Amino acid sequence: MFDPNDPLFWVALSFVVFVAVVLYYRVPAIVTKSLDDRADAIRRELDEARKLREEAQALLADYQRKAREAENEAKSIIEQAKREAEALASDSRKALVESLERRSKIAEEKIARAETQALSEVRSTAVETAIAAAHEILKTRAGGATGESLVASSISDLRGKLN
């Protein structure tokens, strides 16, 4: 059965010695430990990657929330600015209308005063002309002291009636 001259015998014996040496030096335990360590390292890396992913997702959600808040705030600011601009435009229009009405009223008052003054000047001129004409007529028709007193009393009466 075991013939030392048979090469198969030496191959089997070498295999048995190899297996014995491997088992003696605990190579399977070393390989198992190395593989377990490698698996633990990979597991730690996966856990760390999962944590980093969760942190990144939390940061992304936080930044998205902040971006929405900033966008809403910007919309709010724009709406407020529009309302203020509309209010300012409305106030400006009201102020312009009031100013135009005030200026129109002042102009109408000036025109009325000018009309009154012109009318007064025309009456005054007409009175003076009428007085002068009456004076000349009475002077030429009524003579003497009676004429003079009649002219003086008529002129004073005329001035009081015309003014």
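A residue counts as buried under 20% relative accessible area, as exposed over 50%, and as partly exposed in between. V31 has a relative accessibility of 41%, so this residue is partly exposed. V31 lies in helix α2 and belongs to a nonpolar surface patch of about 900 Å². The structure described here is a predicted model.

The mean pLDDT of the protein is 88, and 91% of the residues score at least 70. Confidence is highest in α2, with a mean of 92, and lowest in helix α3, residues 144-162, with a mean of 69. Where pLDDT is low, the predicted coordinates should not be read in detail. Within α3, S154 is partly exposed, its relative accessible area being 29%. The C-alpha atom of S154 is 8.8 Å from that of H135, although the two residues are 19 apart along the chain.

Helix α1 consists of 18 residues and extends 25 Å between its first and last C-alpha atoms, close to the expected 26 Å. R26 follows this helix and is placed in the loop between α1 and α2. Its phi is near 55°, which is a positive value in a residue other than glycine. With a relative accessibility of 60%, R26 counts as exposed.

The nonpolar patch is formed by W10, L13, V17, V21, Y24, Y25, V27, V31 and L35. Both α1 (7-24) and α2 (27-141) supply at least two of its residues. The largest share comes from α1, which provides five.

A pair of aromatic rings is described by the distance of the centres and the angle of the planes. Two aromatic pairs were counted. In the pair of F9 and W10, the ring centres are 5.3 Å apart and the planes stand at 70°, so the arrangement is edge-to-face. F9 is partly exposed at 23% relative accessible area, and W10 is partly exposed at 46%. Y24 and Y25 form the other pair, also edge-to-face because the planes are at 80°, with centres 5.1 Å apart. Both Y24 and Y25 are exposed.

Side chains of opposite charge can pair when their charged atoms come close. Seven salt bridges are present in the structure. One of them joins K33 and D37, with an N to O distance of 3.1 Å. These two residues are four apart in helix α2 and are therefore separated by about one helical turn. K33 is exposed, at 51% relative accessibility, whereas D37 is partly exposed, at 38%.

A further salt bridge links R43 to D40, whose closest N and O atoms are 2.7 Å apart. Here the spacing is three residues in α2, which again means a separation of about one helical turn. R43 is partly exposed with a relative accessible area of 47%, and D40 is partly exposed with 31%.

K75 and E71 form another salt bridge, the closest N and O atoms lying 3.6 Å apart. Because K75 and E71 are four residues apart in α2, about one helical turn separates them. K75 is partly exposed at 48% relative accessible area, and E71 is partly exposed at 45% relative accessibility.

Definitions and conventions. Residues numbered from 1 in each chain as written. Heavy atoms only, no water. Patch = residues over 30% accessible without salt bridge, like charges linked within 9 Å, V, L, I, M, F, W, Y side chains within 5 Å. Areas by Shrake-Rupley, 256 points an atom, 1.4 Å probe, with all protein chains shown as cover. Salt bridge = Lys/Arg side-chain N within 4 Å of Asp/Glu carboxyl O. Buried < 20%, exposed > 50% of the residue type's maximum accessible area, 1.4 Å probe, protein only. pLDDT = per-residue confidence, 0-100. Phe/Tyr/Trp six-rings, centres within 6.5 Å; stacked < 30°, edge-to-face > 60°. Expected span 1.5 Å × (residues − 1).
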